[in-house]
Amino acid sequence: MHHLIVVGFDEIVANKYLPCIRAAIKSGHIDSYSIIDLESQRPEIDRRIQTASVKPRGVIYLPDSGDRARETPQELITAAVQRLRVPGVPTKVYIATEVRAHEAYLRFCVENHIDSLVEKPVLAPVVDGRFKPSYITKTMEELIGVAAGSSAEHSVMTLSRYHQIYNQKVVASLRERMERWEAPLTSFHLRAAGGVWNLQREFESRDDHPYKYGYGMMMHGAYHYVDLATQILSLNAEVFPERQLRLEISSFGAFPIDQHQRISQPIASGFQDDGARWSADSDAGLRFGETDVTSTLRLLDAVTGRTISLGTLSFEQTTPSIRSWGELPEGLYNVNGRTSSVDLEAQLSTLFSTHVHCYDIPRGASADGIDAFARVTTRANAALLRDEQYVSEESFDGLFHSDSNRRLMEHWLRGSERRSSLASHLRPMQVTEALASSVLTPGRLVAVPF
């Protein structure tokens with residue numbers, strides 16, 4: 001049995017994971033839970049606790065200086081955890097803060113041999129108040145190296161490790177066929193469209209999508225699909241371990257300063273959001289993180305220089321939404337009007353292809369009433385592959401992406417989480433660094449050892 005400390009008790013934790021915590025208490029895997037959050041969030045957290053189905057054992061609010069890009073000092077983290085610990089009961093820490101604060105809490109857990117679960121993406125290094133993607137890999141390698149000398153286990157919360165479509169249907173079936181046919185993955189295309197509509201004024205004022213700290217889509221929802229893409233591209237390294245592979249990426253992005261040219265002016269005018277917020281030469285507009293990213297890639301044999309896989313990655317927020325409100329409504333969970341659509345195709349040379357389209361469907365009048373639907377289509381050379389069909393199709397209704405997150409959380413609370421270790425996220429975070437770096441210098445080629 002452990003005592004759970006939740007760092008950052010936001011609406012996602014309260015809505016998505018509190019039932020998992022309640023079940024873990026009932027089953028005896030944890031005795032109770034406590035909360036660490038910021039003093040500036042006290043009124044909102046107190047309201048959230050009042051309606052919570054299971055109350056925390058303790059709550060500590062840490063001071064925040066107003067410089068929200070600065071890390072929480074280690075001495076404050078140490079003192080807070082020490083106060084919340086239950087004598088004689090080991091501690092688990094779930095890190096659900098905004099991403100810029102992940103590193104400080106994760107470092108504390110790694111160095112003090114405390115089991116942890118950190119939200120995606122693992123970390124976003126901030127130097128002098130600005131996002132510094134070039135620090136990602138070396139920070140990850142350092143933390144993984146320290147963690148390797150401890151019995152404590154560290155996991156990462158992400159969508160694509162327990163997903164019944166992406167992992168159980170797509171990744172597993174591709175791996176099995178690649179091994180059986182000795183066929184490389186030669187083509188991979190993924191587009192993840194988030195359906196989030198932020199108004200221009202919200203880029204500066206909101207903290208739940210904090211483009212204002214210099215990072216955007218790549219360090220938020222895109223990571224789920226960077227992780228998935230990396231798992232699929234890595235199948236070439238798993239099936240052909242004798243090859244020395246390298247991934248090359250080139251990217252372009254769109255930013256908040258571009259948005260007023262990219263949306264309907266008559267519609268935006270209804271939200272009083274129909275004019276440019278920043279002038280073309282304004283540094284204020286250029287300091288924001290990206291809203292949309294599109295990349296081309298190739299995976300090559302680093303020794304011969306020959307291409308193995310070609311593909312594209314696209315992570316976009318500025319896509320069809322269901323937002324119909326100018327001001328963010330009180331009590332609405334889906335405040336962004338989010339409706340996502342994920343389109344993925346992976347191909348094994350001339351033999352086989354699998355295509356997945358998974359998209360949200362609004363149900364009823366409430367913006368929180370979002371269901372998901374998936375269709376998996378395969379194409380194969382059935383003349384050569386007698387166990388395959390030329391074309392097959394499966395459909396899945398009533399899906400919820402959050403189910404896979406909850407499965408990960410349930411396994412972690414029980415101590416049985418093995419699919420999403422911190423070490424297994426080194427390569428996805430290296431790809432994230434490459435994408436984020438290439439967006440900052442459009443068209444520049446960035447390479448990742450694979």
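Ser349 is partly exposed, with a relative accessible area of 26%, a value that lies between the 20% limit for buried residues and the 50% limit for exposed ones. The model examined here is a predicted one. In the chain, Ser349 belongs to the loop that links β13 (341-348) to β14 (352-362). Its backbone deserves a glance as well: Ser349 is not a glycine, yet its phi is positive, at about 45 degrees.

A positive phi also turns up at His113, where the angle is about 60 degrees, and here again the residue is not a glycine. His113 sits in the loop that runs between α4 (102-111) and β5. The peptide bond that joins Lys120 to Pro121 is cis, and its omega is near -25 degrees.

Attention now turns to the start of the chain. Strand β1 spans residues 2-7 and is mostly covered, with six of its six residues buried. In a regular strand, side chains alternate between the two faces of the sheet. In β1, His2, Leu4 and Val6 point one way, while His3, Ile5 and Val7 point the other way. Both sets are buried, that is, each of these residues has under 20% relative accessible area. The pairing partner considered here is strand β2 (residues 30-38), which runs parallel to β1 and is joined to it over five bridges.

Helix α5 covers residues 136-147 and helix α13 covers residues 426-440; their axes come within 9 Å and cross at roughly 165 degrees. Because angles over 145 degrees count as roughly antiparallel, α5 is roughly antiparallel to α13. The crossing of α5 past α13 is right-handed. On the α5 side, the contact is formed by Ile136, Thr137, Met140, Glu141 and Ile144. These residues meet Leu426, Met429, Gln430 and Glu433 on the α13 side. By residue class, the contact of α5 with α13 comprises five nonpolar, two polar and two charged residues. Glu141 of α5 and Glu433 of α13 are both part of this contact, and glutamate counts as charged.

Key: Residues are numbered from 1 along each chain as its sequence is written. This is a predicted model: local features need pLDDT of at least 70, side-chain atom pairs count only at pLDDT 80 or more; totals for chains, interfaces and linings use all residues. Side-chain values use heavy atoms; hydrogens and water are left out. Axes are lines fitted to C-alpha atoms, for helices over the stretch in contact, and angles run from 0 to 180 degrees between N-to-C directions. Helices (H or I, at least four residues) and strands (E, at least two) are DSSP runs, numbered from the N terminus. Angles under 35 degrees count as roughly parallel, over 145 as roughly antiparallel, 65 to 115 as roughly perpendicular and the rest as oblique. A crossing is left-handed if the near helix is turned anticlockwise from the far one by less than a right angle, and right-handed if clockwise. Contact means heavy atoms within 4.5 Å. Buried means under 20% relative accessible area, exposed over 50%, partly exposed in between (1.4 Å probe, protein chains only). Two strands pair if DSSP finds at least two bridges between them.
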